[in-house]
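Please consult the sequence and the structure shown below.

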Amino acid sequence: MVEENAHLEEAVMATVPIIRYAGFWMRFWAYLFDLLIIGSINRLIVYPFFQWLHLSSEETSMFSPIAVATAVTFYAYFVLMTKYFQQTLGKMVFGLKVANLNDRPLTWLTVLFREVVGKFISKFILFIGFLFVAFSKKKQGLHDQIADTTVIHE
């Protein structure tokens, strides 16, 4: 009977996936990699496009055309990559992905809340929302808690 229970327990453990949450530093390095990608996109595509149209690429204000274009590139990168692949290129390199805590696919609303609303709030309060990752049980930043998501190792 004890041997039977041991085999049953092993079978159950084999079917239950072990979830490893991504910590602060792994996510930080992935984010820095993403910033390199976004900067490259801006330098290789956005800035030359502005020069081709004979538009100024000087950031004279927060709402200058080039500032708006680079902000659109930034948010579009994170939203589209997270929605379609559950990970950005930085997360791919470090073997991470965004997961819904409800075991459902990421919806547009979830991704927009996480990437735009949640991250704006996290940045607005002195970036403290990102430090939540280091101290929460499921390694969730404030933006993850808002969207019921987390980042896990693949």
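How much space lies in the largest cavity?

## The cavity

The largest cavity holds about 30 Å³ of space. The model is a predicted one, and it contains one cavity of 30 Å³ or more. The lining of the largest cavity is formed by Tyr31, Phe74, Phe78, Lys119, Lys123 and Phe130. Two or more residues of this lining come from each of the elements α3 and α5.

Tyr31, Phe74 and Phe78 belong to a cluster linked by ring pairs, together with Tyr75 and Tyr77. Phenylalanine 78 also has the charged end of lysine 119 over its ring, 4.6 Å from the ring centre.

## Helix α3

Helix α3 comprises 21 residues, 65-85. From its first C-alpha to its last it reaches 29 Å, close to the 30 Å expected at 1.5 Å a residue. Glutamine 86 follows α3 and has a positive phi, near 65 degrees.

The buried residues of α3 include Phe74, Tyr77 and Phe78, as well as Ile66, Ala67, Val79 and Met81. Packing of the buried residues of α3 is against α2, α4 (89-94), β1 (96-100) and α5 (108-124).

## Aromatic pairs and charges over rings

The count of aromatic pairs comes to twelve. Tryptophan 25 and phenylalanine 28 form an edge-to-face pair, because their ring planes stand at 85 degrees, with the centres 5.4 Å apart. Both residues lie in helix α2, three residues apart, about one turn of the helix. In an α-helix, residues three or four places apart point the same way, because there are 3.6 residues a turn. Tryptophan 25 counts as exposed because its relative accessibility is 54%, whereas phenylalanine 28, at 30%, counts as partly exposed.

A further charge over a ring involves arginine 43, whose charged end sits over the ring of tyrosine 47, 4.6 Å from its centre.

## The loop between α1 and α2

Isoleucine 19 is placed in the loop between α1 (2-15) and α2 (24-52). Is isoleucine 19 buried, partly exposed or exposed? Its relative accessibility is 47%, so isoleucine 19 counts as partly exposed.

The C-alpha atom of isoleucine 19 is 7.5 Å from that of histidine 153. Along the chain, isoleucine 19 and histidine 153 are 134 residues apart.

Key. Residues numbered from 1 in each chain as written. Predicted model: local features only at pLDDT ≥ 70, side-chain atom pairs only at ≥ 80, totals over all residues. Heavy atoms only, no water. Helix = DSSP H or I, 4+ residues; strand = E, 2+ residues; numbered from the N terminus. Buried < 20%, exposed > 50% of the residue type's maximum accessible area, 1.4 Å probe, protein only. Phe/Tyr/Trp six-rings, centres within 6.5 Å; stacked < 30°, edge-to-face > 60°. Lys NZ or Arg CZ within 6 Å of the ring centre and 35° of its normal. Expected span 1.5 Å × (residues − 1). Contact = heavy atoms within 4.5 Å. 1 Å grid on protein atoms, 1.4 Å probe; cavity = no way out; pocket = protein on both sides within 12 Å on 5 of 7 lines; lining within 4 Å. Points joined across faces, edges and corners; volume = space filled by probe spheres on them.
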